[in-house]
Amino acid sequence: MIVSFTGSQVLLEQDKKLILAVIQALDKQTTFVTGGCIGADYLIAQMICELFPANKHIIVLPSNRNKVPADIYEYSNDIIEMPINSTYRDRNMAMVNNSDRLIAFWTGKKMGSGTFMTMNIANKQKKLNINDIIMIGANANKLASEFYSI
């Protein structure tokens, strides 16, 4: 199983604990795909490296590296670098295309949200399950189905 992740660039401490619990529960044979930017991408990359050091971990880096931590290469054993002038949508599409399943850590924000965009891409490809949308931030105690329908 190849699992990709999407999530907010801004995380609360409670969000980080929730993300860790989800990552720890994954199958030991999983291949991982992350987006390589600040926030959830970076945190998840670090967790995968620590918890699953032998597993394949693909990081899909956007063309615009303004939000990519300098040390991101330390947390992956396979990097896909998006072509010059490609968009974040292109990067998000590549993440979904290179996986079987998407897990989203979502605040509920829709407008201008890369997480929401990636969820929609995965939903169209039938790679998103409502139970794989984990609400974080102010909506952490709510059900994803209150905000999104598959």
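# Core, sheet and ring pairs in a predicted model

Me: In this predicted model, which residues touch the most other members of the largest nonpolar core?
Reply: The largest nonpolar core has 18 residues. S1, helix H1 (13–24), H2 and S5 each supply at least two residues of this core. The members that touch the most others are Phe5, Ile19, Ile23, Leu26, Ile44, Ile103 and Phe105.

Me: Which element gives this core its largest share?
Reply: Several elements contribute at least two residues each, namely S1, H1, H2 and S5. The largest share is 5 residues, and its source is H2.

Me: What does leucine 26 contact beyond its neighbours within four places in sequence?
Reply: Leucine 26 is among the core residues that touch the most other members. Set aside the neighbours within four places in sequence. The contacts of leucine 26 are then Phe5, Phe32, Phe52, Arg101 and Ile103.

Me: What is the strand order of the open sheet?
Reply: The sheet is open and has 6 strands. The pairing is parallel. The order is S4-S3-S2-S1-S5-S6.

Me: Which strands have a single partner strand?
Reply: A strand at the edge has one partner, so one of its sides is left without a neighbour in the sheet. The two strands placed this way are S4 (78–81) and S6 (133–135).

Me: How many bridges join S1 to S2?
Reply: S1 covers residues 2–7 and S2 covers residues 31–34. The two strands run parallel. Isoleucine 2 stands opposite threonine 31 in S2. The number of bridges between S1 and S2 is 3.

Me: At what angle does the direction of H2 stand to that of S2?
Reply: Helix H2 (residues 40–51) packs on the sheet. H2 touches S1, S2, strand S3 (57–61) and strand S5 (101–106). Its direction makes an angle with that of S2 of about 155°.

Me: Is threonine 30 buried or exposed?
Reply: Threonine 30 sits in the loop between H1 and S2. Its contacts, leaving aside neighbours within four places in sequence, are Met1, Val3, Asn55 and Lys56. The cut-off for buried is under 20% relative accessible area. At 3% relative accessibility, threonine 30 is therefore buried.

Me: Which backbone oxygen does the side chain of threonine 30 reach?
Reply: The distance is 2.7 Å. The backbone oxygen reached belongs to aspartate 27.

Me: Why is the pair of tryptophan 106 and phenylalanine 147 edge-to-face?
Reply: The whole structure holds 7 aromatic pairs. In this one the ring centres are 6.3 Å apart. Planes over 60 degrees apart count as edge-to-face. The planes here stand at 80°, so the pair is edge-to-face.

Me: How many residues apart are tryptophan 106 and phenylalanine 147?
Reply: Tryptophan 106 is in strand S5, and phenylalanine 147 is in the segment after S6. Tryptophan 106 counts as buried at 1% relative accessibility, whereas phenylalanine 147 is partly exposed at 24%. The pair links distant parts of the chain, and its residues are 41 apart.

Me: What is the angle between the ring planes of phenylalanine 116 and tyrosine 148?
Reply: Both residues are buried. Phenylalanine 116 lies in helix H4 and tyrosine 148 in the segment after S6, so the pair ties together parts 32 residues apart in sequence. The rings are edge-to-face, with 5.9 Å centre to centre. The angle between the planes is 85°.

Me: Which residues do ring pairs link into a cluster?
Reply: Tryptophan 106 and phenylalanine 147 form an edge-to-face pair. Phenylalanine 116 and tyrosine 148 form an edge-to-face pair as well. Ring pairs link into a cluster Trp106, Phe116, Phe147 and Tyr148.

Me: Which residue caps the N-terminal end of H4?
Reply: Helix H4 (residues 114–124) lies across S1, S5 and S6. Its buried residues pack against S1, H3, S5 and S6. At its N-terminal end, a side-chain oxygen lies 3.3 Å from the backbone nitrogen of threonine 115. The capping residue is serine 113.

Terms used: Residues are numbered from 1 along each chain as its sequence is written. This is a predicted model: local features need pLDDT of at least 70, side-chain atom pairs count only at pLDDT 80 or more; totals for chains, interfaces and linings use all residues. Side-chain values use heavy atoms; hydrogens and water are left out. Two strands pair if DSSP finds at least two bridges between them. Helices (H or I, at least four residues) and strands (E, at least two) are DSSP runs, numbered from the N terminus. Contact means heavy atoms within 4.5 Å. Axes are lines fitted to C-alpha atoms, for helices over the stretch in contact, and angles run from 0 to 180 degrees between N-to-C directions. A nonpolar core is a set of buried Ala, Val, Leu, Ile, Met, Phe, Trp, Tyr and Cys residues joined through side-chain atoms within 4.5 Å. Buried means under 20% relative accessible area, exposed over 50%, partly exposed in between (1.4 Å probe, protein chains only). A polar contact is a pair of N or O atoms within 3.5 Å; within protein, one must be able to donate a hydrogen and the other to accept it, and residues adjacent in sequence count only if both atoms are side-chain atoms. Rings of Phe, Tyr and Trp (its six-membered ring) pair if their centres lie within 6.5 Å; planes under 30 degrees apart count as stacked, over 60 as edge-to-face and the rest as tilted.
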